Amino acid sequence: MPKLKLSDRQLYALIEAVKLGEEIKPSQQAKRKAFSKYRIEGWENSKLTGIFYSIQRRLGLIDEVIGELVGVSPLILDPWLRATLRVAVEVAVFRNPNEKTLQHLKGLAKFLSSRTHPYVGYYYYDLLPKVINYVPRLDSEEKRLKWDYLFPEWFIGKMRELLGDEAEELLKALNETLPIGLRVNRLKASVEEVEDYLKERDLLFERSKRVETVIRVLDPFNPGKLMERGLALPQEEASAVASLILAPKPGETVVDLAAAPGGKTAHMAELMNNEGRIYALDVDPERIKRMRKILQWMGVEIAEVKKLDGRNAPEVLGEGVADRVLLDAPCTSDGTIAKNPELRWRLREKNIPKVVALQKELIESAWRLLKPGGRLLYSTCSMLREENEDVVEWFLKGHSDARLVPISGPYDEGFLPETMRAWPHRHGTIGFFYALIEKE
């Protein structure tokens, strides 16, 4: 590994960017503001941007190192000290700094003192040798994988329970950048028209082999204009498959229980040829506002958007009103980490039971909405068994009139026969689970 050379000015910019990243979202905006202050431009910008995003990806692991060295959670430290230690750990532990850079790391004590209190600078100066000489104790396979792939140990353990040694391939895939998925809106365009749009802009792309209306854009790309014209929506292949499995037909009544931001609602309206009715429910006002805009762009005419908790939907809409119900349930979203790298350190094992309790309430509500002979799709973008097969098995045990409709593709069978899973490392998309249930 080549020696890393950083000036004091570059370190100051990184520290301020990391500190601002706690206050300003998205973190990209915080980075721009800090880099502008220190006039980080050109090749410097490219170099420091890589380091900044590396800190964001490693944040949970970096904070574990800091906690081990200081004896308390980094979250209770002075914000300037916390940001400085995060940069110092990234540079000293995960990279290969030259001697000049190590001297600049020591000089950060004065930087800290000028922004907080002299004692904070003294404390940092005394702690820095421990940072520089830190060596992790990798005394288990979970710890090795945590350092290699940057995931919490509990999550690694659960993936190893599901996949065995194959779990390492999954962790590797979650660290790779996925292409931008676009689902063509056939209410307004053909796949060929959208492909022509991309060709005119010299963008590399490929058509999905599993969903004929999904295009994967391989180059950096802003889909804003395509969306506003209603030609296509950003949607991952595995997400688009959900509506295809539920397969709503023209003239039917459909309920989308957790609809925002509206991608699946728009897809179902297209499959229904804008004939019938879709109740699109959600509880978040900002996401609902976004959904209304998306449905308008896509030319959706049959969706009735409601600010409504899905658990209360039967009381408002009535029981037995729907031919199809889509429950793309709120979940930990761990299957989307390749699209949202910072999510990995927000995952908390202790939160899983709360999420599962909500999922169980929603699937019961979905069942009450469904007509006899109707179908419910239960899906999540989680890979945890607790949120997927376990919820479906629990539900089936409580409902003698419920039967699984076999799903035969395009992905792999789930751990419960007749369900299906999309895996990032096997299928090149986000992690997803599907169970299609019919009311007899």
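How many aromatic pairs does a search of the whole structure find? It turns up 14, where rings of Phe, Tyr and Trp (its six-membered ring) pair if their centres lie within 6.5 Å, with planes under 30 degrees apart counting as stacked, over 60 as edge-to-face and the rest as tilted. Select W154 and F155: their ring centres are 6.0 Å apart and their planes are at 85°, so this pair is edge-to-face. W154 is buried at 18% relative accessible area, and F155 is buried at 0% (buried means under 20%, exposed over 50%, partly exposed in between, with a 1.4 Å probe and protein chains only).

Before moving on: this is a predicted model, where local features need pLDDT of at least 70, side-chain atom pairs count only at pLDDT 80 or more, and totals for chains, interfaces and linings use all residues. Residues are numbered from 1 along each chain as its sequence is written, and side-chain values use heavy atoms, with hydrogens and water left out.

Next, pick Y12, Y38, W80 and F111, which make up one aromatic cluster.

Now jump to R344, whose charged end sits over the ring of F151, 4.5 Å from its centre. K439 does likewise over the ring of W367, at 5.1 Å. (The test: NZ of Lys or CZ of Arg within 6 Å of the ring centre and within 35 degrees of the ring normal.)

Last stop: select Q56, N340, P341, E342 and L343, which lie nearest the centre of the largest pocket among its 44 lining residues (a pocket is an open set of points on a 1 Å grid over the protein atoms alone, where a 1.4 Å probe fits, with protein on both sides within 12 Å along at least five of seven lines; lining residues have an atom within 4 Å of a point).
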